[in-house]
Amino acid sequence: MSKTIRLTAAQAMIKWLSVQMTPEGERYIEGMWAIFGHGNVAGVGEALHSYRDVFPTWRGQNEQTMAHAAIAFAKGKKRTRAMAVTTSIGPGATNVVTAAALAHVNRLPLLIVAGDVFASRRPDPVLQQVEDFDDGTVSANDCFRPVSRYFDRITRPEHILSALPRALRTMTDPANCGPVTLAFCQDVQAEAYDYPVEFFAPKVWHIRRLRPDTDELNRVADLIKAAKRPVIISGGGTIYSQAEEVLGAFAIKQNIPVAETQAGKSGLSQEHPMNFGAAGVDGSGAANSAAHQADLVIGVGTRFQDFTTGSRTMFRPDAKLVSINIHGYDAAKHGAESLVGDAKVALEALDSVLGDYSAETLDAAVREDWLVAVDRHCARPEDQGAKPTDAQVIGAVQRASADNAIAMCAAGTMPGALKLLWKPSQGGYHMEYGYSCMGYEIAGAMGLRLAQPDREVICFVGDGSYMMANAELATAVMRRIPFTVVLTDNRGYGCINRLQTQGCGGEPFNNLYENCNIEAQPEIDYVAHAASMGAYAVKASGTDALEAEVKAARGRNIPTVIVIETTAKDFPGTGLETTAGEHGFFWDVAVPEVSDRQQQRDRYAAYIEQIANARLIN
């Protein structure tokens, strides 16, 4: 008869999580972010306290942002490790739904342990309980179902014997990787059970490398051999597979230019001779020209999102598509010829069957012309008294940052500008653009620095995103986690204002403060606000001062916030151009069909012409 140990369900969960290991001997779940309330303080809270010496707990300021920090940690670790979050019932749980969606879209592991209603229903309904008038089994946590890769409701203490292994099996599966939600009924958390001792034996989780099917491999190899002007679109799967070096060597040997998505950027350093820069809406002229002229597009670890494909208008109608992806769902998109498998293994296998294949000689001047254009846009402005563009801000930070710096961001103007203009070393770029979630930036910077403590982390955030979620600055101060925040203040939502006016032909309305229905213009002192949370905060007047402050920040052990006012005017990287010119490509944002204004009617006519070029194969 097997030995048992009597524990509460919550204690058993934490004890089990503490011994789930990576092949390198580290905990796979590094620890748990927690904000306690009724629904998790008595059960999970007591368990975390009991095992605090072997499984750390960190207090966040907001459930959504502490989950963002956990997600950024997992992304920074290339999905080889993860973090967990626990919340109370009700608003504490639903605050995490946005973060769960972010992790789901980006294929990133996250363990969510959300407090739930009483399984016994003895005090039903409890405080904060959401009741479905027609279904007594529903709670607020059912909101997590569409944004979780695996969802389970723990209504008996022995349920964790199956739920926990399923959770980590999902999180460590490269094809199905994503957020897991365990809706943990609050009375069950505190219930005791005699658990088998062997359940708590340390377990090592290995991330498999799926090898491609031979027939698929040969079909894709034949397509490449027949191509004269192929192009590779490299996505986040390249990085998660740790296929960066293999991709770089493959591109050189086969003479194929590489364009990068937001998630794939910095898989190759900017110095790599086959790195033609960003692809798509916010792409470079070099990359988009190569993609637009290609007779074969080879996706590696990308789901061909609309920003990557110029809303399906960037590739020639007669171009063939190949998609190397770990999941068949993504590999089959856009009617591509699928090669299902791990990116690194698939590229190695392709290399072995392509023989001496080499694509047509490239015009290297196209890449060099683009890099010259980048330097021009990012050059130091002579008038240091004028508000700089975001491109000039990027240039200043690039000049002042360390060689190993990681630029990170999430939403607004900066993602497009950084994708186009930032010149990273390998691994020097971290963008959350699958969900483009405003408010990810500061919490994400904290999680990223925890994942990569030896690299300089520079967080670009607009004033709009800063106002949405800034409280984890206080957490970073308390834990002495240093990173640099470059806060660009253009007095509103400048990115969407440009899309509204230039992209869609509308009038400026409700985005910049000056175009809002307000009685007085706000004068927000971001420096005082950040300093009140303990960060080192300063305002930079001009890009020269910005450079000096970025350099000075490296000597601190707390976050540094550098505020700089910027112009809201257009600049390269907004993605409003409609051809593979110097920058950008078409982005399909629906334009009103009927309007009293001629400008709007003209924009609609142009829009109809643009969408006529879209490939419609799904």
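**Entry 1. Asn325.** I began with Asn325, which lies in strand S15 (residues 320-325). I keep in mind that this is a predicted model. Is Asn325 buried or exposed? Its relative accessibility is 7%, and the cut-off for buried is under 20%, so Asn325 counts as buried. Next I looked at its side chain. A polar atom there lies 3.2 Å from the backbone nitrogen of His327. I then listed contacts, skipping neighbours within four places in sequence. Asn325 touches Gly301, Thr302, Asp330, Ala331, Leu339, Val340 and Gly341.

**Entry 2. The parallel sheet.** I traced an open sheet of six strands. The order is S18-S17-S19-S20-S22-S21, with parallel pairing. Which strands sit at the edges? They are S18 (429-431) and S21 (536-539), each pairing on one side only. Neighbouring strands are turned by 20 degrees against each other on average, direction ignored.

I followed S19 (residues 457-462) in both directions. Towards S17 (residues 406-409) I found three bridges, with the two strands running parallel. Ala407 has Ile458 as its bridge partner in S19, and Met408 has Cys459. Towards S20, the pairing is also parallel, over five bridges. There, Val461 is partnered by Leu487 of S20. How many residues of S19 are buried? I noted five of six, so the strand is mostly covered.

I also checked helix H17 (residues 413-421). It lies across S17, S18, S19 and S20 (484-489). Its direction is at about 150 degrees to S18.

**Entry 3. The nonpolar cores.** The largest nonpolar core holds 59 residues. Which members touch the most others? I wrote down Trp33, Val85, Phe144, Tyr466, Leu473, Phe483 and Val561. Helix H3 (residues 63-76) gives the most to this core, with seven residues.

I took Val85 for a closer look. Again I left aside neighbours within four places in sequence. Val85 is in contact with Met32, Trp33, Met66, Ala67, Ala70, Val96, Leu110, Leu111, Ile112 and Val113. A second, separate core has 53 residues, including Met314, Val374, Val397 and Val486.

**Entry 4. Salt bridges.** I counted 26 salt bridges. I went through three of them one by one.

Arg6 pairs with Asp194, the closest N and O atoms being 3.2 Å apart. Arg6 sits in strand S1 (residues 4-8) and Asp194 in strand S9 (residues 192-196), so this pair ties together parts 188 residues apart in sequence. Arg6 is exposed, at 54% relative accessible area. Asp194 is partly exposed, at 38%.

Glu368 and Arg367 also meet in a salt bridge, at 3.3 Å from N to O. How does burial compare across this pair? Glu368 is partly exposed at 40%, whereas Arg367 is buried at 8%.

Lys387 forms a salt bridge with Glu565, with 3.7 Å between the closest N and O atoms. This pair links distant parts of the chain, 178 residues apart. Lys387 is in the loop between helix H15 (364-378) and helix H16 (390-400). Glu565 is in strand S22 (residues 560-565), a strand of the sheet in Entry 2. Lys387 is partly exposed at 47%, and Glu565 is partly exposed at 28%.

Methods: Residues numbered from 1 in each chain as written. Predicted model: local features only at pLDDT ≥ 70, side-chain atom pairs only at ≥ 80, totals over all residues. Heavy atoms only, no water. Pairing = 2+ DSSP bridges. Helix = DSSP H or I, 4+ residues; strand = E, 2+ residues; numbered from the N terminus. Axes fitted to C-alpha atoms, helices over the stretch in contact; angles between N-to-C directions. Contact = heavy atoms within 4.5 Å. Core = buried A, V, L, I, M, F, W, Y, C linked by side-chain atoms within 4.5 Å. Buried < 20%, exposed > 50% of the residue type's maximum accessible area, 1.4 Å probe, protein only. Polar contact = N/O pair within 3.5 Å; in protein donor to acceptor, adjacent residues only side chain to side chain. Salt bridge = Lys/Arg side-chain N within 4 Å of Asp/Glu carboxyl O.
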